[in-house]
Amino acid sequence: MIRDITIGQYYPVDSILHHLDPRVKLNGTLLFIISIFLFDTFYGYIAVTLFLLSIIKMSKVPFKFIVKGLKAIIIILLFTVFFNLFLTRGDILVQVGFLKISKQGLHSALFMGLRLIFLILGSSLMTFTTTPNQLTDGLEKLLWPLSYIKVPVHEIAMMMSIALRFIPILLEETDKIMKAQMARGADFESGGIIKRAKGLIPLLVPLFVSAFRRANDLAMAMEARCYRGGKGRTKMKPLHYKGRDGLAYVFLLVYFALVIVISIFENRLPTLL
Amino acid sequence: MDMVKIKDLAFEYIRRDEEGNVESINRAIDGVNLDVKKGDFIAVLGANGSGKSTLAKHINAILYPTEGTVWVSGLKTSDEENIWEIRESAGMVFQNPDNQIIATVVEEDVGFGPENLGVPTEEIWQRVEDSLRAVDMLEYRSHSPNKLSGGQKQRIAIAGIMAMKPQCIVLDEPTAMLDPDGRKDVISTVHKLNQQDNITVILITHHMDEVIDADKVFVMEKGQVVMEGTPREIFSKVDELKRYRLDVPQVTELAYELRKKGLDIPEGILSVEELVQALDKIRG
């Protein structure tokens with residue numbers, strides 16, 4: 001079950017999106033995230049949905065695989081929808097006991113839910129098409145100006161890439177420990193929140209111990225391979241913008257401009273909801 | 001010149017309590033002398049806690065001697081300014097394949113070492129390709145290491161070291177976490193590198209069958225080298241090996257027992273073929 005979480009994984013296929021410069025994808029994701037918060041009507045969502053569908057198509061990552069990533073946020077999603085649905089004041093549509101659903105509540109529940117979904121889909125699409133190494137290379141290069149004010153940009157980037165590499169390993173380990181504890185009668189599924197939280201202790205302690213051991217081993221292995229920080233390091237895959245990256249930026253800017261235009265004029269169009 | 005020279009090496013793990021007072025001293029290595037010639041295939045055998053891994057870490061300048069000296073390609077490991085040069089010339093492969101792979105794509109991991117050395121980009125690609133080919137993993141270059149078997153991961157780790165163009169590879173129990181097939185692959189890869197590229201190999205292990213083809217074997221116990229010689233010399237002393245909590249290969253043990261029972265079999269049989277030959281001779 002725990003291995004179903006697909007967020008942050010890389011999906012190795014050969015597509016245009018996979019070949020783009022990671023900086024384009026990082027900037028694009030940022031633009032995309034901003035864009036989904038710019039409008040309040042369904043016209044905007046049409047644009048966003050079309051954009052997202054087209055890049056999903058371009059990425060060649062199976063749609064089912066991408067949607068699987070939503071499993072991880074289902075609770076947050078339900079919470080968001082629930083609170084927006086029942087706790088927004090406005091014109092009441094339905095009332096069951098003390099639970100009131102207002103028109104505005106329905107509206108914002110739907111919108112927040114969709115925004116969350118788009119947020120996850122958009123950002124996970126970035127990680128599906130970008131190897132963590134490229135991602136951190138991109139981040140390192142984008143954030144490089146910060147190193148002039150003594151921000152350890154290279155170190156942060158390296159930490160991130162290692163964290164990403166160890167996500168699947170630690171997940172697998174969690175699974176293994178869980179099964180081992182279950183075989184000895186541990187119960188992770190029943191009882192109240194407090195009992196369940198307590199039940200996690202025999203899971204977390206060995207997990208932390210092994211994570212520290214791994215960290216220690218890894219640090220040693222890195223030093224043995226002459227790692228000594230970012231100074232004097234060369235890159236196997238240095239970043240250079242190519243023609244297609246320029247095209248991608250144009251595509252992104254057109255999309256962003258479209259969303260801005262929609263957000264300006266949406267109130268003049270007939271309401272869809 | 002010796003590739004690795006170790007003289008009167010001693011190393012102590014010192015445990016301290018919270019105030020920094022010494023709680024206990026564990027002398028993990030106690031007076032080891034060892035010479036490794038260039039191009040040699042050396043095996044260091046020992047049961048758990050015999051100090052063999054600690055010894056390996058000295059050759060890569062991960063640990064520094066408490067007493068004595070270690071030279072790698074003529075460089076003293078205790079000099080701070082030498083450590084990067086030493087690590088470049090003596091690469092190290094560790095036990096756990098997962099904990100030494102840094103990148104999420106095979107070729108990027110192999111490129112990690114050369115990147116750290118400041119090798120120009122085109123040459124990194126060349127080295128990555130060469131070393132992946134050397135360990136027979138070129139077809140997996142764009143795979144994720146998570147999907148590979150233990151033996152394959154370990155070969156990737158070896159390729160990662162090879163890409164740094166070392167003169168010597170130290171392997172610290174590289175097969176301890178592998179299945180028999182993976183073990184065979186790793187060991188034959190190491191032999192190939194030793195023979196084709198003339199890489200000096202120092203193999204730390206407790207699997208006896210992996211040391212049969214080594215040029216020289218050292219047996220460690222309680223931080224000291226207690227036996228040294230060719231595999232044949234070592235394996236002819238079955239009783240002594242057992243005293244150091246080491247098993248001998250099955251054939252060797254069978255031959256030894258037969259010999260003890262009075263059959264005319266030479267000492268230190270290492271392979272099934274040898275035993276068959278010896279038995280044929282007796283039958284006439």
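These legends describe close-up views of a predicted model. Local features need pLDDT of at least 70 and side-chain atom pairs need pLDDT 80 or more, while totals for chains, interfaces and linings use all residues. Residues are numbered from 1 along each chain as written, chains are lettered from A in written order, and side-chain values use heavy atoms, without hydrogens or water.

**View 1. Chain A meets chain B.** The contact (heavy atoms within 4.5 Å) takes 28 residues from chain A and 38 residues from chain B. A:Arg165, A:Arg225 and A:Met236 supply 30% of the area that chain A buries against chain B, more than any other three residues. Buried area is the accessible area (1.4 Å probe) that two parts lose on being put together, summed over both. Here that area is about 3,200 Å², and carbon and sulfur atoms give 56% of it.

**View 2. Salt bridges across the interface.** Five salt bridges link chain A and chain B. Each is a side-chain nitrogen of Lys or Arg within 4 Å of a carboxyl oxygen of Asp or Glu. One of them joins B:Glu107 to A:Lys237, with the closest N and O atoms 2.9 Å apart.

**View 3. A:Ile260 in its helix.** A:Ile260 lies in helix H11 of chain A. Helices are DSSP runs (H or I, at least four residues), numbered from the N terminus. Is A:Ile260 buried, exposed or partly exposed? A:Ile260 is partly exposed, because its relative accessible area is 34%, and partly exposed lies between buried (under 20%) and exposed (over 50%), with a 1.4 Å probe and protein chains only.

Terms used
Helix = DSSP H or I, 4+ residues; strand = E, 2+ residues; numbered from the N terminus.
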